[in-house]
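Here are my notes on the model you sent over. Have it open while you read.

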Amino acid sequence: MAGAHFADLKLIGCRMLDTNRKGAQAPLLDGAHLHRYTGGDVALEVELYGLLRGQIVSTLDALERAGDDGVLWQRLVHTLKGAARGVGAMALGEVCAAQEARINDPQALEAIRVVANETLGAIRTELDRRAA
């Protein structure tokens with residue numbers, strides 16, 4: 001979609017997050033943030049969404065296997081938090097920030113998994129929209 005206009009960019013989905021900021025609302029994907037980050041390079045935006053998609057999948061798999069390795073858990077969640085925020089996947093970044101210190105907590109992993117899967121769906125929708 002080489003002819004994308006900044007006005008076409010929008011927040012894709014918002015998620016109510018029960019983190020330290022009660023009632024915080026963060027977008028699954030903030031297209032305007034990504035547009036500013038890439039300088040409007042649509043091909044780069046598509047590439048970054050693809051890279052984040054792969055990172056989400058691999059990080060969820062690694063978190064499943066992290067067990068009680070707190071250093072690994074924190075490194076994985078911290079890295080996913082930064083990657084998500086960098087491309088505008090703000091809800092995922094927020095949930096990672098809230099769960100980063102909750103090592104070996106099945107509820108923390110489930111919270112990340114839920115928002116990660118919603119983010120994957122939003123990425124798929126956005127890439128389909130751009131391909132149309």
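1. Surface first. Accessible areas here come from the Shrake-Rupley method with a 1.4 Å probe, and for residues only the protein chains shown count as cover. On that basis the chain exposes about 6,900 Å², with carbon and sulfur atoms supplying 54% of it.

2. Ground rules. This is a predicted model, so local features need pLDDT of at least 70 and side-chain atom pairs count only at pLDDT 80 or more, while totals for chains, interfaces and linings use all residues. Residues are numbered from 1 along each chain as its sequence is written, and side-chain values use heavy atoms, leaving out hydrogens and water.

3. Confidence. Mean pLDDT (the predictor's confidence in each residue, from 0 to 100) is 85 for the chain, and 82% of its residues reach 70 or more. Residues 1-11 fall below 50, yet that stretch has 17 contacts (heavy atoms within 4.5 Å) beyond near neighbours in sequence.

4. Layout. The chain reads β-β-α-α-α-α-α along the sequence, taking helices (H or I, at least four residues) and strands (E, at least two) as DSSP runs numbered from the N terminus.

5. Not counting residues up to four places away in sequence, I56 touches L80, L92, A116, T119, L120 and I123.
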